[in-house]
Amino acid sequence: MQLRRKLARAMGRAITDFDMIADGDRILCAVSGGKDSYALHALLIDLARRAPVRFSVIAVNIDQGHPGYPGHLLSDYMAAGGHEFRMISEDTYSIVTEKIPENKTYCSLCSRLRRGILYRVARELGCSKIALGHHRDDAVTTLLLNLIFAGQLKSMPPKLISDDGDNVVIRPLIYCAEAELAAFAAEERFPIIPCDLCGSQENLQRKAVSRLLAELDERHPGTRQNMLAALGNVRPSHLFDTGLWKRLGLEVAREEGSASSQAGADAPAPEVLPVGHLLRNLA
């Protein structure tokens, strides 16, 4: 129960910081059968029952045609809990394995196909938001992946709108640590469905970066949490994006700690409140 409360507080903080949920929202919760999406669904259901704003949650799983896919585990779990649920059958497995050579990673194409299906289904079900189960560790891993392999300084946005303008994607678990989500999933005994398609590819860049972060965190505890904090504590004038400088009207960087830097664009971000207004009365 203590772990559930901790995760709920972190999720409430993210929801409040980025205005993720509005009164009357119908949220499509994408549930893959992994620990993170199970946790997201459980926490959103809890919040929907107790929050001062009214919103509903429908869980959606995509059966992508993987051989031997045990979708019944998820269907049985949702039925036992009386949760609104849809399983969508789309054979993306054949497309991915046909288009991508065996020694290459499937994740990019698989993710794009799955996201397109979710966008379509969200429209069909009348959903105003799509909730994904990405967490803190996903965010900092993506930050390093983009920095090292793409030459970009960016991570996963907590909230985004699709290219077609029809779908809003939210990531309510973006402040939650993966280890705590894993412990919560074990406590709740979620019937986990492994991703055998990409889980068998051990040389993914993401896995290599995740191992690096785990090693850094072991040597220097708090590394991942500090990286998450850095994503919310940006100093634009200490980066080299000339377009950003122009948009912000920056002409020169100032030394850290100077009075003028504290008053301008380089002022520290305000401290994040420990509990968002959605959970103010729920502790």
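## Strands 2 and 3

Strand 2 and strand 3 pair in the parallel sense over five bridges; strands count as paired if DSSP finds at least two bridges between them. Isoleucine 62 stands opposite isoleucine 88 in strand 3. Together, strand 2, helix 3 and strand 3 make a right-handed β-α-β unit. Right-handed here means that, with the strands pointing away from the viewer, the path from the first strand over the helix to the second runs clockwise.

This is a predicted model, in which local features need pLDDT of at least 70 and side-chain atom pairs count only at pLDDT 80 or more, while totals for chains, interfaces and linings use all residues. Residues are numbered from 1 along each chain as its sequence is written, and side-chain values use heavy atoms, with hydrogens and water left out.

## The protein as a whole

The protein has twelve helices and six strands. These are DSSP runs numbered from the N terminus: helices are H or I with at least four residues, strands are E with at least two. Of the 283 residues, 42% count as buried, where buried means under 20% relative accessible area, exposed over 50%, and partly exposed in between (1.4 Å probe, protein chains only). Among contacts (heavy atoms within 4.5 Å) with a separation of 6 or more, 74% come from residues 24 or more positions apart.

The six strands form an open sheet with the order 3-2-1-4-6-5 and mixed pairing. Strand 3 and strand 5 (159–161) are the edge strands, each pairing on one side only. From one strand to the next, the twist averages 25°. Helix 2 packs on this sheet and touches strand 1, strand 2 and strand 4; its direction makes about 155° with that of strand 1. For such angles, axes are lines fitted to C-alpha atoms, for helices over the stretch in contact, and the values run from 0 to 180 degrees between N-to-C directions.

Strand 1 (residues 26–30) and strand 4 (residues 129–131) pair in the parallel sense over three bridges. In this pair, cysteine 29 stands opposite alanine 131 in strand 4.

## Helix 3

Helix 3 lies across strand 2 and strand 3, running at about 160° to strand 3. The buried residues of helix 3 (residues 71–81) are Gly71, Leu74 and Met78. They are on the same side of helix 3 because they cover an arc of only 70° around the axis, the arc being that of the directions from the helix axis to the C-beta atoms. An α-helix has 3.6 residues a turn, so residues three or four places apart point the same way.

The cover over these buried residues includes helix 2 (35–50), strand 2 (56–63) and strand 3 (85–89). Ala79 and Ala80, on the other side of helix 3, are exposed. Just after helix 3, glycine 82 takes a positive phi of about 70°.

## Aromatic pairs

A search of the whole structure finds five aromatic pairs. Rings of Phe, Tyr and Trp (its six-membered ring) pair if their centres lie within 6.5 Å; planes under 30 degrees apart count as stacked, over 60 as edge-to-face and the rest as tilted. Tyrosine 77 and phenylalanine 190 form an edge-to-face pair, 5.9 Å centre to centre with 90° between the planes. Tyrosine 77 lies in helix 3 and phenylalanine 190 in the loop between helix 7 (178–188) and helix 8 (196–199), so this pair ties together parts that are 113 residues apart in sequence. Tyrosine 77 is partly exposed, with a relative accessible area of 22%, whereas phenylalanine 190 is buried, at 7%.

Phenylalanine 184 and phenylalanine 190 form an edge-to-face pair, 5.8 Å centre to centre with 75° between the planes, and both are buried. Ring pairs link Tyr38, Tyr77, Phe184 and Phe190 into a cluster.
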